[in-house]
Each structure stands twice: as C-alpha cells, then as structure tokens.
Amino acid sequence: MSIFSPDVLAGKRILITGGGTGLGRGVAARLVAHGAEVHLWGRREAVLAEAAAEISGGRAGVAHPRAVNVRDAEAVEAAVDQIWQRHGPLTGVLNNAAANFIAPTATLSPRAFDAVVSTVMTGSFNTTLAAGKRWIADGLPGTVLSNLTTWVWSGSAFVVPSAMAKAAVHAMTMSLAVEWGRYGIRLNALAPGPIPTDYAWEMLNPTDKSSVGATQADQIPLGRTGTIEELANLTIFAFSDACNYLTGETIAMDGGQRLAGPNTFAGLSSMTDADWAAARDRSQAASAATKPARSV
C-alpha cells in the first residue's frame, strides 16, 4: 500500500546512479510509479536496459538507461549534458552508486581503497556538481539525495574505505546545503539500516555461518531488517514538494540499530586468518560472476 498520491512526483526528472540493481533499481521503480521520469546510470549496459524495461512496464519515456562511470568527471559531464539537451533539466539526483567489501584494513591495496572511495566519494561529488552548476546557471531549484549508512557517525571496522567515503558525502551534504541554499538547491542524505539485496548482502557477509556484524536482524531493536518499500517511501517524500524546508540533514532509518550499538562490523574481529582467506575466495567468486561490462 502506498501512502502517496500516484502523481506526487509528476514533473520530476530524477537521475539515479547505481540504478540498475539492488536498492537503486527498487527505488527507481517506485519513483516511476509515483509520476517521476528516471535516468538510470550504472556500469553494465545490459543490466541497465533490463531494469529500464522492467521499471517502465511498456510506458515510453519514463526510464532511460545509460552506462556511465561516475568516477570519470568528463563522462559524467557529457552524460548530464545529454539529459539536459534531450530530455530537459533534472529536478533531482540520487547518489546511490557504491562499492564495498569486507576486509581487514591492513590487507588493503591502494587499488582496492581507490575502487571504493572513487565510486562513493568522487562519484557522488562529480554527479552532484554536474547537476548543481547547471541548476545555478539556469536559475532552477534542485534536490540532491545521497544514500549513506549510519557509519557516517560511528565509523566501522573492516569497511574503512566505505566508512571514510560515505562520511565525506555526509560532509558534502551539510556543506553544500549552506553554500547552495540561496539558489533553492536542497541536499539531504538517507542512512538506511540493513536491507537485503542480491550480491551486496553476500559481500557484507564474508562467512557462510550466519549474518554477521551490521547485518544481524536480531540485534536491531525492531527485530527485523528494512525493506526497499520503506526506503522508497522516504525517498519519495524527500524528492516531493512536501518538505522544501528540509536541507543539510542525514536521516537514519534503521529500526533503532544505531542507537542500540550493533551497526558496525566490529564483531568480525573474532575471524581468523583462515576465515579471512575463505572470505576472500568467496568474494572473488561473487565478483567474477558479476563482472561489469565496460562503462563510458
């Protein structure tokens, strides 16, 4: 059941990075169901095309896929230019593209660190800047929303690059809310608790014993994980015209997990070297199975 009018987002044109799979894909479908036109960016053209077809349900002009590497500022600029020219100005951006994996920090290579940070931090900045400067130049309002985690307040062992990068986007949200407020541009972020999705859930559970660390539902006060529908409801509200006075905030929606304390992966400290070796093998196998196509 939706609490919103089916046309609450009518006239909204929203870019979603990481929109081909997982949370991005699920939220995109619900934005379209409430009147929005969405532009889906990701790494794999075939996956994006499939997502757009599913989301549009045969309706023309509501979901537009494009493979874009958000780490590449020039590629982002070119893709945003194309949206402006072919479809009209965006009204909103959802920074959802992410990269993450569980690992002892001492074992990380510079390349592994950069793969996460450049996607989350640099990618979010590139996309936000590309839309923001066009809104300013055109005298248009705009809304930027970023999907983060509660680690922006607590940090988290074993996902240090992700915690660092998301904390940077949290800082960007607060900083640009002040700098761009006079232009009518709002920036907010959402920090959902664990919401199971394919692949990502496997990457955040490095052992096959049970859910671990921040994914343990039995340590969440409400006793369960979240749903894409619940995240979509909050996203719809944030992009709607119902809360135009809200800016610079990161909103936790985690069933009370952060307040109860088990929102990090500190519990993985009990893993042995052999456990981590097995986890690496499992992670590499999962990555190989979902190797992305070349992005533009």
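This is a predicted model: local features need pLDDT of at least 70, side-chain atom pairs count only at pLDDT 80 or more; totals for chains, interfaces and linings use all residues.
Let me begin with Arg25 and Glu54, whose side chains meet in a salt bridge with 3.1 Å from N to O, where a salt bridge is a side-chain nitrogen of Lys or Arg within 4 Å of a carboxyl oxygen of Asp or Glu. This pair links distant parts of the chain, with Arg25 in helix H1 and Glu54 in helix H2 (residues 45-56), 29 residues apart; helices here are DSSP runs of H or I with at least four residues, strands are runs of E with at least two, and both are numbered from the N terminus.

Residues are numbered from 1 along each chain as its sequence is written, and side-chain values use heavy atoms, with hydrogens and water left out.

The whole structure holds 9 salt bridges, and another of them joins Arg30 to Glu229, with the closest N and O atoms 2.7 Å apart. Here Arg30 in helix H1 is linked to Glu229 in helix H8, 199 residues apart, and both partners are partly exposed, Arg30 at 25% and Glu229 at 41%.

That brings us to helix H8 itself, which covers residues 228-239 and reaches 16 Å from its first C-alpha to its last, close to the 16 Å expected, the expected span being 1.5 Å times one less than the number of residues. Its buried residues are Ile228, Leu231, Ala232, Leu234, Thr235, Ile236, Ala238 and Phe239. What covers them includes helix H1 (22-33) and several strands, among them E1 (13-17), E4 (92-95) and E6 (185-192), contact meaning heavy atoms within 4.5 Å.

Elsewhere, Lys133 and Glu77 meet in a salt bridge with 2.9 Å from N to O. Lys133 lies in helix H4 (residues 110-138) and Glu77 in helix H3 (residues 73-86), so this pair ties together parts 56 residues apart in sequence.

Methods: Buried means under 20% relative accessible area, exposed over 50%, partly exposed in between (1.4 Å probe, protein chains only).
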